[in-house]
Amino acid sequence: MSTLVAEHVDDDLWSAIGDPTRRRMLDLLLIEGDGTATTLAQQLPVTRQAVAKHLGVLERVSLVRATPAGREKRYRVDDAQLARAVAQLSVVGSAWEARLQRIKRIAEGIQRTRQD
């Protein structure tokens, strides 16, 4: 990854998003607006304790915010941090698109050379 792209990528954020269970949890929170470890665990194939640990990871990178609700916490997606993740993905995607276009031009050049 180029230095310019690497400067725009938060590895901790992407490590948190890289887990499929955490991505599913983010999806559920976005659909439902908020949720607790208990309500999320009811919709996932993992225990409530596992959900709580995943929520801790998401909270550490500020993708979710917790507010006390009785004996539990209610979690919501932090829209600003999610927008930051989307922006980072866009930067990385653009960089890879440029790389792929360069590879394509090189391959086409090699093919033309062989045909001549």
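Figure 1. Helices (H or I, at least four residues) and strands (E, at least two) are DSSP runs, numbered from the N terminus. What you're looking at is a predicted model, in which local features need pLDDT of at least 70, side-chain atom pairs count only at pLDDT 80 or more, and totals for chains, interfaces and linings use all residues. Residues are numbered from 1 along each chain as its sequence is written, and side-chain values use heavy atoms, with hydrogens and water left out. Helix 3 covers residues 20–32, which makes 13 residues. From its first C-alpha to its last it reaches 18 Å, close to the 18 Å expected at 1.5 Å a residue; that expected span is 1.5 Å times one less than the number of residues. Which residues of helix 3 are buried? They are Arg22, Met25, Leu26, Leu28 and Leu29. These residues sit on the same side of helix 3, because they cover an arc of only 160 degrees around the axis. (The arc is that of the directions from the helix axis to the C-beta atoms.) If you wonder about the spacing, an α-helix has 3.6 residues a turn, so residues three or four places apart point the same way. On the other side of helix 3, look for the exposed Pro20 and Ile31. "Buried" means under 20% relative accessible area, "exposed" over 50%, and "partly exposed" in between (1.4 Å probe, protein chains only).

Figure 2. The buried residues of helix 3 pack against helix 2 (11–17), helix 4 (37–41), helix 5 (48–60), strand 1 (64–69) and strand 2 (72–77). Arg23 is also in helix 3, and it is partly exposed, at 38% relative accessible area. Leaving aside neighbours within four places in sequence, Arg23 is in contact with Ile17 and Gly18, where contact means heavy atoms within 4.5 Å. The C-alpha atoms of Arg23 and His54 are separated by 10.0 Å, and the two residues are 31 apart along the chain.

**Figure 3. Helix 5, with one side in and one side out.** Val51, His54, Leu55, Val57 and Leu58 are its buried residues. They share the same side of helix 5, since their arc around the axis is only 155 degrees. Their cover includes helix 2, helix 3, helix 4, strand 1 and strand 2. On the face turned away from the buried side you'll find the exposed residues Gln49, Lys53 and Arg60. Just after helix 5, Ser62 takes a positive phi of about 65 degrees.

Figure 4. Is His54 buried or exposed? At 15% relative accessibility, His54 counts as buried, and its place is in helix 5. Leaving aside its neighbours within four places in sequence, His54 is in contact with Asp19, Thr21, Arg22 and Met25. Take Thr21: its C-alpha atom and that of His54 are separated by 7.9 Å, with the two residues 33 apart along the chain.

**Figure 5. Salt bridges.** Side chains of opposite charge can pair when their charged atoms come close. Here a salt bridge is a side-chain nitrogen of Lys or Arg within 4 Å of a carboxyl oxygen of Asp or Glu, and by this rule the count comes to four. One of them joins Asp10 and Arg84 (3.2 Å, N to O). Asp10 lies in the loop between helix 1 (3–7) and helix 2, and Arg84 in helix 6, so the pair ties together parts 74 residues apart in sequence. Another links Glu72 with Arg48, with the closest N and O atoms 3.3 Å apart. This pair ties strand 2 to helix 5, parts that are 24 residues apart in sequence. Then there's Asp78 with Arg65, where the closest N and O atoms are 2.8 Å apart. Asp78 is buried, at 13% relative accessible area, whereas Arg65 counts as partly exposed at 44%.

Figure 6. Trp96, Leu100 and Ile103 make a nonpolar surface patch of about 330 Å². Patches are made of residues with over 30% relative accessible area and no salt bridge: like charges are joined within 9 Å, nonpolar side chains (Val, Leu, Ile, Met, Phe, Trp, Tyr) within 5 Å. Accessible areas come from the Shrake-Rupley method with a 1.4 Å probe; for residues, only the protein chains shown count as cover. Leu100 lies in helix 6 (residues 79–115) and counts as partly exposed, at 48% relative accessibility.
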